[in-house]
Structure formats: C-alpha cells, structure tokens
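Me: I have a model open and would like to go through it with you. Shall we take it part by part?
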Amino acid sequence: MNEVAEPGNAGSQTDNIFEREALADEPTIADAIRAVIFDRLSTKIAAVLVVVFIITAVFAPTLAPYDPLSQSILNINKHPSWEHWLGTDQFGRDVMSRMIYGSRNSLIFGLLSPIFAAILGVTLGVTAGYFGGIVDRLISRVVDMLMAFPELLLAILIAAALGGSFWNIVVVLTIAFTPGFARVARASTLAVKQEPYVEAAIAAGVSTPVIIIRHIIPNILAPIVVLMTLWAASSIRVEATLSFLGIGTQPPNPSWGNIIRDGLANMFATQWPILAGGLTITVVVLAISILGDSVRDALDPETNQ
Amino acid sequence: MTRYILFRLLDAIPTVFLVLTLVFIAMRILPGDPALTALGPLADQAQLAIFRERMGLNDPLWLQYLKFLWDAVHLDFGTSLINDVPVRDLIIRNLPHTAYLTIVSVLMGLTVGIPLGVLAATNRNKPADHIVRLYSLIGYAIPDFYLAAVLLVVFSLKLGWFPINGAGHGFWDGLYHIILPAMTLALLKSAFLGRLTRTSLLEVLGRDFVRTARAKGASETRVVYKHGLRNALLPLSTGIGISILATLSGAVAIELIFNRPGIGRLLIDAIHERDYPVIQAGVMMFAFFVVIVNFIMDLVYVLVDPRIRMKS
Amino acid sequence: MSKPLLEIRDLNVSFGTKDKPLCVVNDVSFSINPGEAIGVVGESGSGKSMTALSILQLVPTPPARVTGQVYFDGKDLLQLSNSELTSIRGKEIGFIFQEPMSSLNPVMTIGDQIDEAIMLHTDLSADARRVKVLELLRLVGMPDPETRIDVYPDQFSGGMRQRVVIAIAMACNPKLLIADEPTTALDVTIQAQVLDMMLDIRKQYNSAIMLITHDLGVVAEFCERVIVMYAGHILEDADINSLFASPKHPYTQGLLKSVLTLTEKQHRLYQIQGSVPPPGTIKEGCPFRPRCPVRMDRCAVEMPPMKSYGPTHVAACWATAEGVE
C-alpha cells in the first residue's frame, strides 16, 4: 500500500503526550479551590452560604437570641414576631435559637463523619489495592456488599442496632460512608501503583510504609477530597433524617431533623419549624454539593460536562 | 441465559450469608451487652436476666450465631416483646404496604424522570436543560421527610385534597391514600433519574453509531429513542436499582409521616419500644431487600444488554 | 457536460465563538458528476471529513457553524429541514464511516440495523425486507448471511463490521456514496478485500462515489478525479492522470514524492517538513506557506486563487502560476 507520509499524525501524537504530561501535572488542591471560588456565580453563592453556615455554627452562643432549651408555658406556638423571628414551638422554645444551635450539630457531623470515614476507607482501600490477593478479595467483597446499600438505609439499620447517642451517630455515619472511600482509594491505588515512580521506589527497596505515605497517599488525595465534600452534604442530610426518625440526635438537644420532627407532631398549631428546618437543610446541602461538584470539576477535568 | 441466572443465584448465597453475619455482628457483638442496649439504662438486673434467657444470650457466641442463622433461614424471627405476636406475622402484615409504596413511587419516578432527562439531553444548554438540572439539584438536596411534611401540610392540612394519614381500605381508597406519599418519593426519584438519564443519553448520543443512524435517514425522535435511549438503558438500569433501594430507605420516613403501616414504620416503632426481636427482623428484612433488588437488577441488566446475554 | 449530481459552493465550517472562529473548512467548492468517483486526499486535520459530514449536515450545530451551498439534485441540502434531510440521508446519499468498531449500535442485530435503512425509505413488507437484507449481506461478501443476520455487532471483526456499514450505506441504492476513510482502521489484508468489494459494488450499482482517504494508492485504483485538501482549503483538483503525471501544487508534488515506489531505487522516503498547522493559527495567505519549498512573499498576504492548467485541472499556487505564465 502506498501511504502518504503523515507528519500530521506524528505531530498529533506528540501533542497527545504533551497533553498527558499536562494532565499528570494535576492542579493542587489549593489551586482547585481557588479556581472554584472565583469561577462560577453559582459556586460563589454556594461558598458564601457555606461560610455563613460555618460562622453561624461556630458563634451559635453569641448569635442565638435565646437559650435553645429554655421552655416557657406562656409562649407556646407563637407565630413569627420581632421577639421570635421564627416563632416558638409547643414547649415555648425559640425556633430561631434552636435552628442556630442545630447548625452546630450539623457542622460537627458534617465534618467529623467524612473525616473518620475517609481515614478508615482510605486505610482499607489502600491496603486492598496495594497488597492485593486474599486481603483485597476479602475487603472488596465486604465493600461491594455494603455499597449495595444506600447510605441512608445503612445508617438507619446500624442506628437501629446500636441506638442513638452522639458517638453512635458518628459511628453510624462513618460506617455508612466508609465503603465509598474504600472503593475510590482502592481504584486510585491500583492506578498509582502502576506508575513508574512507584515501581522504581519498590525496585529501589524503599520500605512499604514509606512508599504508601510518600507516594501513594498524596497521589490519591484529589478524588478523596472530592468525596469528602460530597459526603459532608450527605452526612448533614442523613443525620437530619436519623434525628427526624428519632434515632439520631436525642431531644431536647436541637438538631434540624428533630426540629422538623417536633414541628410535625405540632403541625396543627404552627408550621414554621417545619418550614425553617427543611429550607435550611435544603439550602445548606445544596450549597455544599454545588461546592463539591465544582471541586470535582476543577480536580478532574474529564468528568466536567 | 439459564446458566447465568443459576450462576448469579449461587453467587447470591455467600452474599446472603455475609449479610446475615453482619447483622449478627451489629446486633449481638458490637453493642457490647445487647440486653443493655435493647432494654436501655433504666432496666434492672432481673429484667436483663429474663431478657437474656428469653433471647438465648447466655449461650456461647458460636451457638447463638448458628441458631441465628438457622432461624433466619427458616424465617423464624421469634415473638414480639410488646404484644406477643410472632414477628413473622408482623412482617407479613406490613410487607405488602412497603412493597406497594415502593413500586408505585418508582413507577411514578420513572415516568416523570426519564422524559425529563430526554428533554434535557435533547435541549442541551437551552432553558429546558437548565430547568431540569436545577430541578435535579434541588431534588438531591431536599430531604424526603421535609418534602413529605410540606406536601402533607399543603395538600392535606390546608387544601384538604388528600387524607392526612393511614393506608385506606380496598383498592381505590388505597390508591387515594398512596398518591401523596408516593408522589413525595417519586418527585425525588424523578430528580435523580432525570439527571442520570440526561448524562447517559448525552454520552450515548455522542457515540459514532448515532451518527450512522442519522446518516441512514432516521428521524431525530427515532435516533433519540430507538438508538439513544435503548443504549442509555444499560447505565440507567443500575441507576434504577439504586433508586429502588433509595426509595425503600425513603419509605421509612414517609411511612412515619403519613402514618402508614409498613416495614419501615415497624422498625422505627420497634426501636422506640425496644422490641428487640422486631428490630432484628426489620434490619434483616431490609438487608434482604437489598440483596433481592440487586439480584433482580442483575437479571434486568442481562436482558437489556445482548452482549452479556449472548456470552452466557 | 451533464449537470453535476453534487455541487458544493463556498462551504465554510467553523467552531469557536463568533468573534474568534476556528475555521476547519475554508471556501471549499467542487462538484461530483453522476456515476463519477472522486478521491479527496489530505493529511489528518485537512478538513476532508468535516467537508463530507457537512454535506449531510452530520456536523453537530452548534458548536459548529456551516455556511455555503451544497446542491444535490438541484436542492440546497444546507437549507433543508430535518425531515426533508431524512428522506435524502440513507436513500439518495449513503455514508460509510471510518470507525467500524464503533459505527454500529451494540444492542441491535446487524440484520435490524441494515433493515432499518430499508424500512425508513421503502414500503416493503418485513419479509421482503429480510430478503433484501440477505441480498445486501451477500453483496458485501458476508459469509453465511442466514445465520449472521441475527447476530450482534460485537461478535464481528472490524472488517466484517465495515461490510455491514457498507451494506447499510448501499441499502437503498444511493446516487452518491460518501466513504470517509473506509479502510483506514482495518488490517492491510482486509483493506484490500474491502476495497475490491467496493469496486465490485461500484460496477454493479453505478453510484457516484466520494472517497476520502490519505492513501494515494487507493485513489489511483479507485477514482477518476482527485481533490487535494490542506488545512481546510482545496489546493488542487484534477483528473487522476493529469494529477499523477504533472502535479501543479508544491504540496501535491510533495505528497507524490513521499509515496513509496518499487520501480525507482530510493534510499530515504521523501518527507514534507513540519506538520499541518492547527486550525486558527494561519489567518491569511496560503496555509501551506510555512512548509512550502517555493514560498514567496505574496503567499503570506493573499490566498492564491484557483488557476486552470488544462480542461480538468486546477490548482491554487502563486509560484506555479508565475512559473507557467
């Protein structure tokens, strides 16, 4: 066959290599977050909302006009007024103050459980991916099975078995989110393990813990960070659901979930607690997920649509 | 095909075994003293002793485990501590309601969600697409119990269009009672399925064979439905499986809010009443649902994808 | 001379924004007569596939913008509505794609996929269509068509799939067959078989063919006329004998020199220096200028117009034009 020499093809091949190298030189997480916040309008709004949420949670005692637990027989089922912006509930407690303190609860679970789940999941996933063999098969089987459960269902079932104290909820959420981290960490580890620099390190006799900590972990961090932001939104929602079902944060401690639970029991008298609690959960979860989506788009251009 | 089903059935056995083992670990080992967890810190020694005796908690763990497996395989869940009814009867009474709610919700979610996704994908980056994407974002963020509460307040309490609680009697009354709860779950599922349909369809519509279909002279409708959606069904069927299970977990809160009978409410009530055998059975039932739904979705996947069908 | 079957005038295809367009096809004009086989040659990125795809409006718009006229049987295809187009696609004009591995729907049997092309354009009964499908499968040299008709594409090799794609394109006996690098993705031995089969079909059906390729050998075997494209421009358009005997454009000369011939003793294959510029990098003047051995100052400013070198030979080059004058 008489082929026209195709220098164009050769050129595009080298182009591809350049592209690949550019991709390998991934943006750092700080870059990504910076890019994300200054990029899209929706992300900017989301970032502002998340900051407001965090400030509210941190300064709850200063911001809340009343003690969220103090009851008042004289002030039950009040509609919104200047004294009580969101009215009061059936025990005469200020709904606004309960919402503000509830944000603390949500922030704690939204931060703690993804962090714990990430630590546990990455440990399992890296172990499975790095060592392979029977360890991998065992971990993968359990992870696959747990992944078949929606995290909310898993959380409900574990909470049913363990009961709902503060630390139990942390355990519940951690277990519910661990499989996701484990699967991503395993897949990324398998990919990174093939990289020449890791193979070189193994060949040079670098010890296994050093390879894992110096080479594997830093290179699988990006998808883990993405997952953590997305799970932060999820864990706020799941904790609210558990509290709503009465198997999460126990009354009288305020949680957005049990504010709605109390509101529903009292819905004939006032609907403000339901409205306030639900809207807040929706807005906060939406804001964190938009932020999470943007972080993912920034760190992983390929999934960007 | 038959061989594939048999293979999948065999493969499901260790999964069931694993699920049962995890339930056993969660119920009997993790809490430390299951009797204390079950009865709460206020229970006295005598009550704890009676409970342990009754639940066989004094046996060695391995014997407990074997008995647990044996009972589970025989669908023997003991009797309720609260009203002395066999737990099996409670399950049989409540199961159809949960199944009914789940099936109606998923069907409603599919009929709304898939066309929404098609609409978004075929109008990419146009207003229709943006609206569908916003809808699916909000549908992801809004908690099901909140949406249920709002719908209940608006349509039942304020407008009086739908009943406030119960499951109704007979077919038509049952349908009347299920509309609002099913709609709650369906709205959320349609958001998820709409987003998933959009993504999968867009991916498929970008592939070469779609261009071949266009070059053949197929109309845009034919290209989207016959070639696009048919191929998008492969990733979609996984998503439908996920959304059935999500609906099932959502049903727990929905049953509570609309005061409907069902496995979810049975479980939650049992937790509040510390009815240990019912909790154990409820947890096991939900775990079984997951295994069964995954098994069925695997079979559906084979039906949808001729490549797997031909190989087996 | 008879009226051309297809006449393209000033076809432009561009991507990017209105203010910063990236043109991938620039002012392309040519025509194809009924029954004629023309070859369109050029390197990757020369815009030859884009030209072919825009004839049937198969380039997604947006993001692409297509302007100009494409007359087929007296109608401007670029002005037709989608439903008018569907009655031409597959019926009047058949299209063969480059990638046989991905050009077939994985969840439809190959019989159904060929059948779809017949069903869309005729009123034949299902049974009659099946007979026709079997006939087409035999035509494209599919062994054992009776069993293969109900098989899914992933059970076929690339060569077999490309035969199916050709059967789809030929299903309604089109007046024009556009083949976009139909053999590039295939093994060399399969390439020859598929080309022979296409030659046979051409003899039987007498369709006009627009064959897009980067392989001058294929063109020599198959076509009566050649169009040479580079960076979205047509540089030369000539009948096959005239082109091979006396190429007028330095780019065409380079292409012919880089072809391996067995008769002459060659030490090293000739290579055109450099590579095709990415779209948008050359705004004015001749796009081949940076790689041209005979470039002049004028080339940087003005795109040379088509100049005639005989009844069936035109080329666009300032240097050649001045040398001849």
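Me: How many residues of domain 1 of chain B are in contact with domain 2 of chain B?
Reply: This is a predicted model. In it, 14 residues of domain 1 of chain B are in contact with eleven residues of domain 2 of chain B.

Me: Which elements give two or more residues to the side of domain 1 that touches domain 2 in chain B?
Reply: They are α1 (2-29) and α2 (34-39) of chain B. The largest share of that side, nine residues, comes from α1(B).

Me: And how do the residues of that side divide into nonpolar, polar and charged?
Reply: On the side of domain 1 of chain B that touches domain 2, eleven are nonpolar, two are polar and one is charged.

Me: Where are the bounds of the two domains of chain B?
Reply: The domain assignment places domain 1 of chain B at 2-73 and domain 2 of chain B at 91-311. Their C-alpha centres lie 31 Å apart.

Me: How many helices and strands does chain B have?
Reply: Chain B has 13 helices and zero strands. Its C-alpha trace spans about 80 × 55 × 35 Å along the principal axes.

Me: What percentage of chain B is buried?
Reply: Of the 312 residues in chain B, 43% are buried. As for contacts in chain B with a separation of 6 or more, 72% are between residues 24 or more positions apart.

Me: Changing topic to chain C: how many helices and strands there?
Reply: Chain C has eleven helices and twelve strands. Its radius of gyration is 21 Å, close to the 20 Å that the globule rule gives for 325 residues, so chain C is as compact as a globular protein of that length.

Me: What about the span of chain C, and its buried residues?
Reply: The C-alpha trace of chain C spans about 65 × 50 × 40 Å along its principal axes. Buried residues account for 46% of the 325 residues in chain C.

Me: What is the strand order in the open sheet of chain C?
Reply: The order of its eight strands is β6-β7-β8-β3-β9-β10-β12-β11 in chain C, and the pairing is mixed. At the edges are β6 (93-96) and β11 (307-308) of chain C, each of which pairs on one side only.

Me: Do β6 and β7 of chain C run parallel or antiparallel, and how many bridges join them?
Reply: β6(C) and β7(C), residues 176-180, run parallel and are joined by four bridges. In β7(C), L176(C) is the bridge partner of I93(C), and L177(C) stands opposite G94(C).

Me: Which way do the residues of β6(C) point, and are they buried or exposed?
Reply: I93(C) and F95(C) point one way from β6(C), whereas G94(C) and I96(C) point the other way; all are buried. In a regular strand, side chains alternate between the two faces of the sheet.

Me: Which helix lies across β6 and β7 of chain C?
Reply: That is α6(C), which runs at about 170° to β6(C).

Me: Finally, the interface: how many residues of chain C are in contact with chain B?
Reply: There are 27 residues of chain C in contact with 20 residues of chain B. On the chain C side, α2 (82-86), α3 (110-121) and α6 (158-170) each supply at least two residues.

Me: Which element gives the most to that side, and how do its residues divide?
Reply: α3(C) gives the most to the side of chain C that touches chain B, with four residues. The residues of that side divide into twelve nonpolar, ten polar and five charged.

Note on methods. Residues numbered from 1 in each chain as written. Chains lettered and ligands numbered in written order. Predicted model: local features only at pLDDT ≥ 70, side-chain atom pairs only at ≥ 80, totals over all residues. Contact = placed C-beta atoms within 7 Å. Nonpolar A, V, L, I, M, F, W, Y, C, P; charged D, E, K, R; others polar. Domains from an automatic or database assignment. Pairing = 2+ DSSP bridges. Axes fitted to C-alpha atoms, helices over the stretch in contact; angles between N-to-C directions. Buried ≥ 20, exposed ≤ 12 C-beta atoms within 10 Å, placed from the backbone. Rg over C-alpha atoms; globule rule 2.2 N^0.38 Å.
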